[in-house]
Amino acid sequence: MPVRISPVRSRVGQNGEFPLLDIPGTEKKSGNRKERKKQKRKQKKQAEIEAKHCETSNGFLKGGGHGEENGNGGHEKENGNTQASKRKCWEEPLDKSGLVVLDVGGERYRTSRDAFLKYPNSRLGKLLSSSNLDEILTLCEEYTPSNPPEFFFDKNPENFSVVMELYRSGKLHIPDGAQACAMVMRRDFDYWGIDELLLEPCCALKFYPKVELCNTQIEKDIQDKEKAEKDRLAEDFGDSKISELRSFLWAFLEKPWTSTGAQIYAWFSLFVILVSTVTFVMSTADELQVDQNGDADFPMVIFVIELLDLIT
């Protein structure tokens, strides 16, 4: 059968492609080729959208805001592709009956998911009962959708064993060997969403006095800082020469720890006060009194006492 060839145009098509020969039987293959190219472009565009909206690093999904900011400082509205990409990021749901791995400050804990559902209002209870990626990434720093899933928390793991014991045994105890500050322990309870009223009585009797002691010490430190700042403002005489002299004299007379000369002056002042006190007591003795005729048993001692009184 003779092949019919259509006239070839003298210029390239508008899309930059050369015209195809009009050969019977090639229309179907050409259409399939175009469909494959169209599908590849669609897949590439979808991959770019997923890479933009799923912030990943070595397999980790990181917490934080999603979406780009527009020029007005707000967030662009999510279109259908964005929502589809976010759903695809979360296409591997948690194993509802399996294990989970918790990485707290580098220490890994492997336990059953059901243990955390006993306290649904806690951070871990909300985390492991949620199926929304945005909510999960607000409750932990990083999430790895593996099997089992892994969650990373950038927290000091020192007190996390106390929290884990609550989920495992249902009782909240603080070990006797725990050296953590009571205020740090309270902050950890707040972070993990654990009600400190769940403490067993044996531990509550030791925990709350420590909290009160810490609060008292914190208030005292605040008062000391306020007093020190008030004294500093009161002793600020300015930057002139006279002001510097006043500051030197103030420190010399009122703050003996500031210099050796101030310490010598302080010791001399203490010695004068001591001598004055001794002479005053001695002058009240009957043997050192002058009678009506002006006679005394120890006239020299009386003279020294009067001289010291005059000096001091």
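This report walks through a predicted model of one protein chain, from its overall make-up to some of its side-chain pairs.

## How to read the model

Residues are numbered from 1 along each chain as its sequence is written. Because the model is predicted, local features need pLDDT of at least 70 and side-chain atom pairs count only at pLDDT 80 or more, while totals for chains, interfaces and linings use all residues; side-chain values use heavy atoms, with hydrogens and water left out.

## The chain as a whole

Let's start with the big picture. The protein chain holds ten helices and six strands. Both are DSSP runs numbered from the N terminus: helices are H or I with at least four residues, and strands are E with at least two.

Of the chain's 312 residues, 25% count as buried. Buried means under 20% relative accessible area, exposed means over 50%, and partly exposed is in between (1.4 Å probe, protein chains only). The accessible surface of the chain comes to about 22,700 Å², and 55% of that belongs to carbon and sulfur atoms. These areas come from the Shrake-Rupley method with a 1.4 Å probe, and for residues only the protein chains shown count as cover.

How do contacts relate to the sequence? Among contacts between residues at least 6 apart in sequence, 54% join residues at least 24 apart. A contact here means heavy atoms within 4.5 Å.

## Helix H5 and its surroundings

Now find helix H5, residues 160–169. Its buried residues are Phe160, Val162, Val163, Met164, Leu166 and Tyr167. What do they pack against? The buried residues of H5 pack against strand S3 (99–104), S4, H3 and helix H6 (182–192). After H5 comes Gly170, which has a positive phi near 80 degrees.

## Tyr167 and its partners

One partner is Ser122, whose side chain is joined to that of Tyr167 by a polar contact of 2.7 Å. A polar contact is a pair of N or O atoms within 3.5 Å; within protein, one must be able to donate a hydrogen and the other to accept it, and residues adjacent in sequence count only if both atoms are side-chain atoms.

Ser122 lies in the loop between strand S4 (107–112) and helix H3 (123–129). With 2% relative accessibility, Ser122 counts as buried. Leaving aside its neighbours within four places in sequence, Ser122 is in contact with Tyr167, Trp192, Gly193 and Ile194.

## Aromatic rings

The structure holds eleven aromatic pairs. Rings of Phe, Tyr and Trp (its six-membered ring) pair if their centres lie within 6.5 Å; planes under 30 degrees apart count as stacked, over 60 as edge-to-face and the rest as tilted. Tyr119 and Tyr167 form an edge-to-face pair, with 5.8 Å centre to centre and 75 degrees between the planes. Tyr119 lies in the loop between S4 and H3 and Tyr167 in helix H5, so this pair ties together parts that are 48 residues apart in sequence. Tyr119 is partly exposed, with a relative accessible area of 22%.

Ring pairs also link Tyr109, Phe153, Phe160, Tyr191 and Trp192 into a cluster.

## Salt bridges

Side chains of opposite charge can pair when their charged atoms come close. How many salt bridges does a search of the whole structure find? The search finds seven. A salt bridge is a side-chain nitrogen of Lys or Arg within 4 Å of a carboxyl oxygen of Asp or Glu.

One of them joins Arg186 and Glu196 (3.0 Å, N to O). Arg186 lies in helix H6 and Glu196 in the loop between H6 and helix H7 (201–234), so the pair ties together parts that are ten residues apart in sequence. Arg186 is partly exposed, with a relative accessible area of 23%, whereas Glu196 counts as buried at 16% relative accessibility. Another salt bridge joins the side chains of Asp231 and Lys227 (3.1 Å, N to O). Being four residues apart in helix H7, Asp231 and Lys227 are separated by about one helical turn. Asp231 is partly exposed, with a relative accessible area of 31%, while Lys227 is exposed at 53%.
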